[in-house]
Every structure is written in C-alpha cells, then in structure tokens.
Amino acid sequence: MIDLRSDTVTKPTAEMREAMAAAEVGDDVFGEDPTVNDLQRRAAERLGKEAALFVPTGTMGNQIAIACHTKRGDEVVCESRSHILDYEMAGMSLLSGVMPRAVPGRDGGRLAWEDVRAAIRPQTTYNARTGLVALENTHNLAGGTVLPLEAMREIADGAHDLGLPVHLDGARVFNAAAALGCDVAEVVAPVDSVMFCLSKGLSAPVGSMVAGTREFIEKAWLVRKTFGGGMRQVGVLAAAGIVALEKMTTRLAEDHANARALATALAGIPGIVLDPESVQTNIVIFELEDGIRDAPSLVAAIREEGILAIAFGGRKIRLVTHNDVSRADCLAAADAISAAVLNR
Ligand SMILES: Cc1ncc(COP(=O)(O)O)c(C=O)c1O
C-alpha cells in the first residue's frame, strides 16, 4: 500500500525503535523520567522557548494551551477551517468553556491582522471577551499552506498590544520552517505558546510538545494532569521523540519536493483542479470538476490499486507525503488517479 492519507501514518524508524528499547525511564508524573526531561529540554531549546512539556497528542497540546490562556466565557479567535475548531471535538467549549470566533483566512487560509483585529472584542455587558488568538502554521485543511513570518509577527504584535496572548497550532511547524527556509525558533518567536507534533512528518509513533514560558508550562503541567494526560515511564516514547527532533526535521524538504512533483503530475489530468504552485509543503488537496466521478468513489477505486487517500466531502481529495513514501510512490499514485479519473 502507498499510504498518502496523512503523515500520521509514518512508522517509527529503526533508530527510533533502538532508542526506545534502550531508553532510561522513571515516573514522569513525579517529573523523574530522564528521557522525557531530556526531550523537553531539547524541544524548548530548539524552539527558543523557556520550557516545554511532552503530551500524548497534538489535540491535547492545543487544548491545554487554550485552557491555560483563557477563562470561561472567553472567545478564541481562529481561522474558520482551523484544526482547533473543526477537528478537536468541540474541545475548547467542552474543556475550557470558551467559544471559537472563526475568521476566514484569505488566499490559502492565511489570516490577516485586519481580519483578526475586526474579530477581537472587548468585554461589554452584552458580548464575550476575546481571550486568545490562535494561529495554525502550516494550515492543514487549507492544503499545508504557510503563514509567512511577517503575517505572524503582525498578528502577534497586534494581539499583544491589545493584551491578548497568541497560541500557535504548529503541528507541522517544522514543515513551515523548511518551506520558509528559516530556523523554527524564528517562526515561533512571535507567539506565546506553541504545540508541535512529533508523530506526524517527524515519524515518531506518539507524542507532541507544548512550549512557552516557564510559568505557562508549570500551568500546562497541571492542566495536562487534569485532562488525564499524566503519563508514567513514558521515556520509551520520548526516546523516539528525541530521534524525531534531532534527525527527522532536516529531511522535510524532500517531502515537500515529492508533494510538488505529485501535484504537477495531477494538475495535468483533465478534470482535476489544482495549481501545483499552491503546494508549499507536504499536503496536496485537489478538486474534481463536475462530471467527473466523485471523491469517495475515486478514493475507493485507487484503493483497489494499492493507493490510500482521503476524500474531503464530495469533490475534494487530500494526499500527504512523508518519510514512508518515495518520489516513485507519488508518481505511481498520480498514474492510478489518472486512470481512475479517465475511466470515470
Ligand atoms: C493542524 C493540526 N493540529 C493538531 C492536530 C492534532 O494532532 P493529534 O492527531 O496528535 O491529536 C492535527 C492532526 O492531524 C493537525 O493536523
């Protein structure tokens, strides 16, 4: 199977499995797992933040950050197709008692400060107060698009001037840094907190990191426990995370080049709507013109040929490149899609 459904499908590398077997462990709820502590130190240093916390999932990381930054009844300004709004089970409302205020991004889901500013509200006697601005970089549902550094700085500076914290859902922030050609610390410098996933393009089997000030992470530690995320001898997972952080970030440009090659091949197929230039990282989302078979039927047809993809609604399909697919796999996927589209 050539699995292009997501970069979450990546399997741990041989080096990760060795590191996991050899990991020194302790009880992390007591803060005594040396491998977890090492991962947290390295992640904080890499991001240029004071401290970091290992969490089981990206969703928990985002939800911990929201809980730390807001109080009940607040609004969280976020992009309309952002993961925290669309794919986290209404977690912000359920867990933190806050409400999303969705702002449509412009070209490629990129938020603009003017639009964010217009959505920020002071507390009055009749409306909720804005408690947090949340960004996503890269933006998954918009097709792995990158929010440029200037836009991030402008939004964060504007929010800070109004006394508001900014959280970054940086599930794929290393992809953003690779696409921007800069250090990841530069990407996250403007924000107060960031979550990134070890378990996506970086190939670790489990885990995400939340980073921010020491004070924020102390609070996040307590909230993680409240959410049921206190783990014990979890150094076996953190060991894979260290390999992910140290060895896997420098190869992401290869996934981006594969995604671009895949998009270029797909764009040449009649009935497929896709601008390969819009593919900046490892995510390719294309649309099927009316008159072509629908997305679920196309996904079912290519599955028969050993290619896995995800349908978004009736007419869109997402493909994600990663460490476990090669350039040849991507081109084979494009051929299978071409055959499935042309057979209608
Ligand atoms: C942008 C973004 N944020 C957060 C997450 C959540 O990560 P997890 O699946 O580890 O909860 C994902 C997962 O796909 C994501 O794409």
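## Terms and basis of the model

Buried is used here for residues under 20% relative accessible area, exposed for those over 50%, and partly exposed for those in between, with a 1.4 Å probe and protein chains only. The structure is a predicted model, in which local features need pLDDT of at least 70 and side-chain atom pairs count only at pLDDT 80 or more, while totals for chains, interfaces and linings use all residues. Residues are numbered from 1 along each chain as its sequence is written, and side-chain values use heavy atoms, with hydrogens and water left out.

The protein is divided into domain 1 (12-247) and domain 2 (251-342), with bounds that come from an automatic or database domain assignment. The C-alpha centres of domain 1 and domain 2 lie 28 Å apart, and the contact between them (contact meaning heavy atoms within 4.5 Å) takes 19 residues from domain 1 and 12 residues from domain 2.

T249 lies in the loop between α11 and α12 (252-267); helices (H or I, at least four residues) and strands (E, at least two) are DSSP runs, numbered from the N terminus. T249 counts as buried because its relative accessibility is 9%. Its side chain makes a polar contact with the side chain of R46 at 2.8 Å, where a polar contact is a pair of N or O atoms within 3.5 Å; within protein, one must be able to donate a hydrogen and the other to accept it, and residues adjacent in sequence count only if both atoms are side-chain atoms. Apart from neighbours within four places in sequence, T249 is in contact with R46, F174, L202 and A244.

In helix α12 lies R260, which counts as partly exposed because its relative accessibility is 30%. The C-alpha atoms of R260 and P276 are separated by 6.2 Å, although these residues are 16 residues apart along the chain. When neighbours within four places in sequence are left aside, R260 is in contact with P276, E277 and V279.

## Nonpolar cores

A nonpolar core is a set of buried Ala, Val, Leu, Ile, Met, Phe, Trp, Tyr and Cys residues joined through side-chain atoms within 4.5 Å. The largest such core has 54 residues, of which F54, V133, L135 and F196 touch the most other members. Helix α11 (residues 235-247) gives the most to this core, with seven residues. Beyond its neighbours within four places in sequence, F196 is in contact with A43, L47, G170, A171, V173, F174, L202, S208, M209 and L245. A second, separate core of 31 residues includes F286, L288, A301 and V325.

## Helix α8 and its cover

In helix α8 (residues 173-180), the residues V173, F174, N175, A176 and A177 are buried. The elements that cover these buried residues include α2 (34-47), β6 (166-169), α9 (184-188), β7 (193-197), α11 and α12. Just after α8, G181 takes a positive phi of about 70 degrees.

## Ligand surroundings

Around the ligand are 13 residues, of which G58, T59, D169, R172 and K200 come nearest; a residue is taken as near if one of its heavy atoms lies within 4 Å of the molecule or strand concerned. A nitrogen atom of the ligand is 2.7 Å from an N or O atom in the side chain of D169. An oxygen atom of the ligand is 2.9 Å from an N or O atom in the side chain of K200, and for N140 the side chain likewise has an N or O atom 2.9 Å from an oxygen atom of the ligand. The protein covers 84% of the 380 Å² of accessible area that the ligand has on its own, with areas taken from the Shrake-Rupley method with a 1.4 Å probe; for residues, only the protein chains shown count as cover.

## Loops and backbone geometry

T70 is placed in the loop between α3 (58-69) and β3 (75-79), and T70 is buried because its relative accessible area is 12%. The side chain of T70 reaches the backbone oxygen of I66 at 2.7 Å. Leaving aside neighbours within four places in sequence, T70 is in contact with V76, S96, V98, G131 and L132.

Most residues other than glycine have a negative phi, and most peptide bonds are trans. A cis peptide bond, with omega of about 5 degrees, joins N137 and T138, and T138 is found in the loop between β5 (130-136) and α7 (149-161). M89, which is not a glycine, has a positive phi of about 55 degrees and is found in the loop between α4 (83-86) and α5 (91-96); M89 is exposed, with a relative accessible area of 73%. A90 has a positive phi near 55 degrees, and A90 counts as partly exposed at 48% relative accessibility.
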